[in-house]
Amino acid sequence: MSNLQSWSRLPLGARPPGRWALKARFVIADLPQGRRLIENGEVVIEDDRIIWVGSQFEGELSACYDMGDMLVGPGFVDLDALSDLDTTVLGMDNQPSWKKGRVWPADYAAQAYEMYSAEELAFQKRYAFAQLLLNGITSALPIASLFYRAWGETVAEFEAAAIAAEELGLRVWLGPAYRSGGVILDKTGAMQPVFDEERGLAELAEAASFAGRIHGAAGGLISGMFAPDRVETCTEALLRQTFLHANDMDLPVRLHMAQGEMELQTVRRLHGKTAPEWLDGLGLLSPRLIAPHATVATDDDLARYASNGVTIAHCPLVSARHGSSLKSFSRVKALGINIGMGTDTAPPDMVLNMAIGLMANRITESRGNAASAAEFYDAATVAGAKALGRNDLGRLAPGTKADIAVFDMADGMVAPRIDPVQTLVYGATGRVTRATIVDGRLSMRDGQVAGIDLAAARGQAQVQFDALVERYPERTFEHPTVSDIFPPSYPLHGSKSEVTR
């Protein structure tokens with residue numbers, strides 16, 4: 001037997017040998033009768049699997065780590081996990097987005113280039129993966145912006161991402177994003193869709209080859225997926241070929257749609273329909289489709305999702321920052337739609353997303369129909385696993401993967417505790433995550449992640465981000481200065497503009 005002090009000496013990145021246990025004041029267990037909260041519970045792990053969950057294990061253990069006044073639960077499943085240095089935060093106080101580099105002007109589109117080097121692209125994924133682990137996320141489907149890319153993502157950067165995931169200890173579904181085109185601004189500032197279908201199909205072929213090679217790598221830690229970009233950037237041929245590959249390889253497809261007014265108007269202009277209606281007419285809505293956001297989905301769109309088994313990836317924090325929300329979590333669940341959770345922004349804080357989602361749901365619903373903290377916790381765990389066809393994830397039960405998050409229920413809390421799940425969702429953020437275990441391996445403990453020097457990485461991330469911001473005028477309509485694109489919240493004291501006044 002071991003105590004809490006022994007836990008602190010366990011090497012970061014290691015998988016304890018033999019059969020070992022985590023003991024804590026609270027354990028969330030998935031038992032034959034359903035999900036239950038066990039006080040003073042234990043989780044017993046051997047290799048990469050949970051073999052027992054309950055009150056007191058009677059068998060022999062190589063070690064038992066007493067976590068004290070903490071909550072031990074399944075790691076979060078992030079269906080839309082940020083994997084770059086987030087640029088969406090630049091648009092919160094700086095609108096409209098098309099004037100802030102989020103839509104390319106025609107002159108830049110004609111010579112668009114990679115604004116990050118291969119090394120920088122590899123770094124940002126490693127850094128982002130570490131942030132996910134800091135927040136108790138054990139399974140992730142990475143997402144990144146294409147606004148600073150030459151076109152789509154590259155196989156090379158995802159090969160580097162696979163290495164990073166294995167070294168840091170994060171379970172991932174990987175696939176480079178690809179597209180047939182996009183919306184650009186002509187000389188008058190009007191938005192015009194522009195397509196290069198051949199280029200998109202070539203990128204899809206590379207993505208399919210990558211998915212086939214990578215699926216099951218690192219002892220099953222890494223899986224393949226298909227990640228066509230936003231629906232308005234995809235042609236029918238690209239989407240049909242995507243689903244042919246996905247069906248043949250039995251892999252998930254994530255496609256952002258029903259997420260914003262610009263998309264809604266563009267798809268209607270191109271196809272005379274909403275995006276879900278268009279895909280339904282093509283016969284492409286299916287249980288393997290994960291569709292982030294759904295904030296502008298119509299009643300008919302949601303009915304199509306329900307009848308075809310589509311999963312919605314709910315990302316309430318980034319939606320709220322843009323002034324939108326799902327209408328609503330409770331209603332979507334009542335329709336029988338599987339709804340998982342995503343982060344899609346920085347910080348990739350699933351606890352905060354659950355809190356924002358719960359608040360937004362209560363604003364849009366009468367109190368009698370409002371979802372509970374437990375329902376959001378289930379969405380962030382078992383519903384995400386269901387979207388991936390993995391009943392061995394998102395749960396703590398015998399035979400499931402040992403993917404676990406440990407949350408501080410004492411020092412990290414300000415308000416007195418009521419119920420640990422309600423206290424976590426209503427009164428905390430991901431900063432109370434004290435440990436993240438993936439595949440039985442200690443990937444994060446007390447703010448440190450295996451395989452990365454976070455202090456040095458934060459400095460590198462800031463330098464890299466600042467350099468990207470300096471290039472924003474190149475891809476912004478009429479090429480204003482950085483200070484015009486992103487003015488400070490308050491005038492800088494002693495600045496040239498202040499002096500001249």
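The model is predicted, so local features need pLDDT of at least 70 and side-chain atom pairs count only at pLDDT 80 or more, while totals for chains, interfaces and linings use all residues. Residues are numbered from 1 along each chain as its sequence is written, and side-chain values use heavy atoms, with hydrogens and water left out.

**The largest pocket**

- The largest pocket holds about 1300 Å³ of space; on a 1 Å grid over the protein atoms alone, a pocket is an open set of points where a 1.4 Å probe fits, with protein on both sides within 12 Å along at least five of seven lines, and its volume is the space filled by probe spheres set on the points, which are joined across faces, edges and corners.
- Its lining has 50 residues, of which Arg102, Phe147, Arg230, Gln259 and Met262 are the closest to the centre, a lining residue being one with an atom within 4 Å of a point.
- Two or more lining residues come from each of strand 11 (181-185), strand 12 (191-195), helix 8 (261-271) and helix 11 (316-321), where helices (H or I, at least four residues) and strands (E, at least two) are DSSP runs numbered from the N terminus.
- Strand 11 contributes the most to this lining, with four residues.

**The second largest pocket**

- About 400 Å³ of space lies in the second largest pocket, and among its 20 lining residues Gln131, Leu134, Asn135, Pro347 and Arg431 are the closest to its centre.
- Helix 3 (118-134) and strand 20 (433-438) each give two or more residues to this lining, and the largest share, four residues, comes from helix 3.
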